[in-house]
Amino acid sequence: MQLTELDGTVLNAAWSVEQDGDLLAIILESAGGKTKTGASRNSDYTRALVLLISRLRELGAVIEDALVDSAQTASLSEADRRLIDAPLPLATTTASDEEIRLLLTRKQGRIGMHPDARKSGNERKRLRLRVAVPGYTPELLARDLSGDVESPVEKMLLTLDALNVQRSPDGTSKRHQPLTLLWAIGRAVEGKARQVPWREARTVIASLIDDFGHPTDSPKNAHLPFLALAGSGLWELSATPPAKGKHGDPRLRWLNTHPGTTGGLTEESHQLFAGSRLAVSTAVDRLLLDHFDGTDERPLLTAVGLGTTAPAVEARRRTAYTGKLGYDVVVLRRGEQHVLRRLLLARGASQCALCGAELPERLLVAAHIKKRTACDERERRDLDNVAMLACTLGCDSLYEHGYIGISDDGVVELSPELLGHPHLNEHARRLAGRPVAAWTGSSRDYFAWHAANVFRAQARDEPRQDG
Ligand SMILES: [Zn+2]
């Protein structure tokens with residue numbers, strides 16, 4: 001399986017998911033040595049493990065057991081290969097992703113070694129994590145953990161993001177479409193038919209609008225979401241309604257004279273919600289945050305058949321951003337990227353924080369100053385300081401891979417490793433000594449983390465590890 005980071009970087013790490021008794025097992029292959037092509041084998045083992053932990057946390061998983069699972073240690077009992085003493089419920093533990101990663105790797109060095117061995121061994125051995133993630137099959141878990149930017153959940157989120165919801169005169173968004181979608185998602189979860197005839201749908205949608213809409217949302221407008229959602233990509237109708245004319249809207253009359261016209265989720269969306277708990281809690285969380293601020297959520301979820309989803313949604317809240325920017329979704333890297341980028345661009349200049357170039361917005365990405373997977377919850381929410389705009393013409397990569405760092409007085413420093421890469425050096429040299437606008441009293445600690453953990457302050461070789 002591939003493992004893709006927030007910014008689309010595919011990690012060099014081999015992993016898989018399989019059934020393991022009642023649990024699922026995530027197998028992370030060992031790192032070290034060279035492959036036949038001369039590349040370093042699974043050199044992103046550590047980053048991959050932190051990323052998997054972070055994503056498992058957002059799924060509310062419990063790490064029930066963790067074992068070294070290498071061929072060399074196969075003769076040892078499980079007890080002798082065990083890395084944790086007790087199950088780790090990731091949603092509630094206070095340990096950071098990095099602390100959990102350390103817990104899982106630190107002990108590995110001694111496993112399978114002679115008790116008198118003076119040096120400890122590889123800490124990046126083949127690892128078996130037994131996890132409890134209710135409702136997940138191995139395939140589904142692999143998909144949700146992979147961070148594949150083309151994942152169906154991400155596509156669905158982007159669709160929700162683009163939902164064309166009308167505004168009331170007081171500025172609040174009309175709840176017709178979100179309510180209708182919640183109801184349809186509830187039907188998918190409950191295994192009900194995907195498409196519903198208008199004659200049935202209208203009473204249900206009307207009563208949802210009546211009970212949970214804004215005071216200005218009229219139950220008489222139940223036809224509006226039923227029709228309008230067809231433009232969202234999530235919804236389809238069995239027949240095409242007439243166009244809105246200059247002299248009024250013929251569509252309600254048309255629907256009422258064709259009450260057998262069905263509407264509902266597309267096959268693809270219906271299957272997604274029927275099969276992925278993550279898709280459901282992500283969509284529900286998103287719709288609630290964007291459209292139902294301040295509404296008592298439990299009665300609403302119960303009314304649309306999503307009562308059982310409420311605990312999952314609430315668990316998400318404990319680990320996600322809060323407030324209007326409230327989605328920090330495991331596979332929705334691009335969705336989050338999108339939010340950060342929008343926020344940074346809204347500040348004004350479309351300028352790369354590192355080289356200072358003024359560029360078209362499409363060439364600027366939101367770069368985490370401190371790697372997102374190393375951030376704790378408070379830091380992840382610190383959107384004003386934890387990220388900067390960097391250009392895709394080189395700055396983003398140079399920074400991410402540690403070829404440049406920011407000194408404690410806020411200027412760009414070059415890694416001595418650049419000397420071994422003349423082309424890269426040529427590219428980076430013009431940045432040396434540049435003051436970085438994103439460096440402030442509030443972002444300073446994030447830059448310091450990068451300087452200590454990512455910046456290649458000394459030329460270093462590829463780490464050597466035994467199997
Ligand atoms: Zn730049």
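A crossing of two helices is called left-handed if the near helix is turned anticlockwise from the far one by less than a right angle, and right-handed if clockwise. That wording comes in handy below. The structure here is a predicted model, in which local features need pLDDT of at least 70 and side-chain atom pairs count only at pLDDT 80 or more, while totals for chains, interfaces and linings use all residues. Residues are numbered from 1 along each chain as its sequence is written.

To start with the overall picture, the chain has 19 helices and 12 strands; these are DSSP runs numbered from the N terminus, with helices being H or I of at least four residues and strands E of at least two. Of its 467 residues, 42% are buried. Buried means that 20 or more other C-beta atoms lie within 10 Å of the residue's own, exposed means 12 or fewer, and partly exposed is in between, with C-beta atoms placed from the backbone. Two residues are in contact if those backbone-placed C-beta atoms lie within 7 Å. Among contacts in the chain with a separation of 6 or more, 71% join residues 24 or more positions apart.

Next comes the interior. A nonpolar core is a set of buried Ala, Val, Leu, Ile, Met, Phe, Trp, Tyr and Cys residues joined through C-beta atoms within 7 Å. The largest one holds 81 residues, and Ala-48, Leu-182, Ile-185 and Val-284 touch the most other members. It draws at least three residues from each of domain 1 (15-147) and domain 2 (153-325), where the domain bounds come from an automatic or database domain assignment. Leaving out residues up to four places away in sequence, Leu-182 touches Val-284, Leu-287, Val-304 and Leu-306. Another core, of 34 residues, lies apart from this one and includes Ala-353, Cys-395, Ile-406 and Phe-447.

Helix H6 (residues 176-189) has two packing partners to look at. Axes are lines fitted to C-alpha atoms, for helices over the stretch in contact, and angles run from 0 to 180 degrees between N-to-C directions. Angles under 35 degrees count as roughly parallel, over 145 as roughly antiparallel, 65 to 115 as roughly perpendicular and the rest as oblique. With helix H10 (residues 267-275), the axis of H6 comes within 8 Å and crosses at roughly 60°, so the pair is oblique. The crossing of H6 and H10 is right-handed, and Ile-185, Ala-188 and Val-189 in H6 meet His-270, Phe-273 and Ala-274 in H10. With helix H11 (residues 277-291), H6 packs at an angle of about 160°, the axes being 11 Å apart. That makes the two roughly antiparallel, and H6 and H11 cross in a left-handed way. Here Pro-178, Leu-181, Leu-182, Ile-185 and Val-189 in H6 meet Val-280, Ala-283, Val-284, Leu-287 and His-291 in H11.

Most residues other than glycine have a negative phi. Asn-42, though not a glycine, has a positive phi of about 50°. Asn-42 sits in the loop between strand S2 (23-28) and helix H1 (45-58), and counts as buried because it has 23 C-beta neighbours inside 10 Å. Arg-57 lies in helix H1 and is buried too, with 23 C-beta neighbours inside 10 Å. Between Arg-57 and Leu-90 there are 33 residues of sequence separation, yet their C-alpha atoms are 4.8 Å apart. Ser-443 belongs to the loop between helix H18 (422-429) and helix H19 (444-453), and it is buried, with 22 other C-beta atoms within 10 Å. Beyond its neighbours within four places in sequence, Ser-443 is in contact with Ile-369, Asn-385 and Ala-438.
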